[in-house]
Amino acid sequence: MTLTIKQPGIYIDDSIKNEILTLDGIIFDCDGVLIDVTKSYDLAIQKTTQYIVANMANISNPITINSKIIDGFKSTGGFNDEVDLTYAAILSIVAAEKLRIDQQKFIFDVIANTDSSGILSVEHYIEKLADVNDIKNKLSYPGTHHNNPLYQIFDQIFYGPELYLKFFKKPSQFSESGLINNDVVIVTNKLIEKLAKKITSKISIVSGRGKESVKYSLKSLLDKFDLKNSAFLEDESRELAKPNPESLIRSIKGMVCTNCVYVGDSM
């Protein structure tokens, strides 16, 4: 594969130029693509990790889960779910403390030994080195957004008390404003209209978020997408979560596409 620089920051594989000209469908991921989540989802990962290791594992000096760590886990191909990533970070910090080694160094060791199976590979690697059953039992992860302790804390921090009550019909234990309000919408009405005019009007979304969460941030822009053939995987069973291709296949078939591109931000 040969990449050619077209503009600063834009690289094209020349071998697919002709395929791009015949595109008849575009599927967008949401977080990191349509919306900049650096100060929302990424910060929720950091804050949830800090809260849980302090309150459930009595660790007073956890490292900050920064963008380098987040990108490291995402690059393995098994962490399209931010709560999965949070769980992996928590286990890594707890294990590092038990082993009495540097948390930062250890978490990158974990990343280096993680594959596309995500949390399964993290558990497999860590459990050979340290006993983390106590925190695993407390978190009982994965589970459902409504009942699992880790999901509940993450969602309460991300959505804030008003939206959490609206979406989950339960009060939040936190009073701070939800980090979802820090979402920065990247996509514009002008871009969607230009894509529809120049390339294709078949434009959908396949996202790990729930539909109401996406709607809260994109507002009326959401109506510009083919919602009938979109997928909001937080509203689906965990088995459909990425990297399971079923939701993409469903969207492609629903839009009747023969040459479709998916726009994402991680492996």
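Please keep in mind that the model is predicted.

The domain assignment gives domain 1 as 3–36 + 185–263, and domain 2 as 41–181. Taken over C-alpha atoms, the centres of domain 1 and domain 2 are 27 Å apart. Domain 1 brings 10 residues to the contact, while domain 2 brings 17 residues.

How much area is buried between domain 1 and domain 2? The value is about 1100 Å², and carbon and sulfur atoms give 50% of that area. On the side of domain 1, three residues deserve a look: Tyr216, Glu234 and Arg238 supply 51% of the area that domain 1 buries against domain 2, more than any other three residues.

The count of salt bridges between domain 1 and domain 2 is 1.

**Aromatic rings**

Next come the rings. A pair of aromatic rings is described by the distance of the centres and the angle of the planes. The model holds 12 aromatic pairs. In one of them, phenylalanine 28 and phenylalanine 225 have ring centres 6.2 Å apart and planes at 85°, so this pair is edge-to-face. Where do these two phenylalanines lie? Phenylalanine 28 is in strand β3 (residues 25–28) and phenylalanine 225 is in the loop between α10 (211–218) and β7 (231–232), so the pair ties together parts that are 197 residues apart in sequence. Phenylalanine 28 and phenylalanine 225 are both buried.

Phenylalanine 158 and tyrosine 159 also form an edge-to-face pair, with 5.0 Å from centre to centre and 75° between the planes. Phenylalanine 158 has a relative accessibility of 0% and counts as buried. Tyrosine 159 is buried too, with a relative accessible area of 3%. Both residues belong to a cluster in which ring pairs link Tyr41, Phe154, Phe158, Tyr159, Tyr164, Phe167 and Phe168.

| Lysine | Ring | Distance from the ring centre |
|---|---|---|
| Lysine 68 | Phenylalanine 108 | 5.7 Å |
| Lysine 219 | Tyrosine 216 | 5.6 Å |

Lysine 68 lies over the face of phenylalanine 108, and the charged end of lysine 219 sits over the ring of tyrosine 216.

**Backbone spots to look for**

Finally, let us follow the backbone. Which two residues does a cis peptide bond join? They are tyrosine 141 and proline 142, and omega is about 0°. Proline 142 sits in the loop between α7 (133–139) and α8 (149–168).

Arginine 100 has a phi near 60°, a positive value in a residue other than glycine. This arginine is found in the loop between α4 (82–99) and α5 (103–112). Is arginine 100 buried or exposed? Its relative accessibility is 78%, so arginine 100 counts as exposed.

Lysine 169 is not a glycine either, yet its phi is positive, at about 60°. Lysine 169 lies in the loop between α8 and β5 (184–185). With a relative accessible area of 67%, lysine 169 is exposed.

Terms used. Residues are numbered from 1 along each chain as its sequence is written. This is a predicted model: local features need pLDDT of at least 70, side-chain atom pairs count only at pLDDT 80 or more; totals for chains, interfaces and linings use all residues. Side-chain values use heavy atoms; hydrogens and water are left out. Rings of Phe, Tyr and Trp (its six-membered ring) pair if their centres lie within 6.5 Å; planes under 30 degrees apart count as stacked, over 60 as edge-to-face and the rest as tilted. Helices (H or I, at least four residues) and strands (E, at least two) are DSSP runs, numbered from the N terminus. Buried means under 20% relative accessible area, exposed over 50%, partly exposed in between (1.4 Å probe, protein chains only). A charge sits over a ring if NZ of Lys or CZ of Arg is within 6 Å of the ring centre and within 35 degrees of the ring normal. Domain bounds come from an automatic or database domain assignment. Contact means heavy atoms within 4.5 Å. Buried area is the accessible area (1.4 Å probe) that two parts lose on being put together, summed over both. A salt bridge is a side-chain nitrogen of Lys or Arg within 4 Å of a carboxyl oxygen of Asp or Glu.
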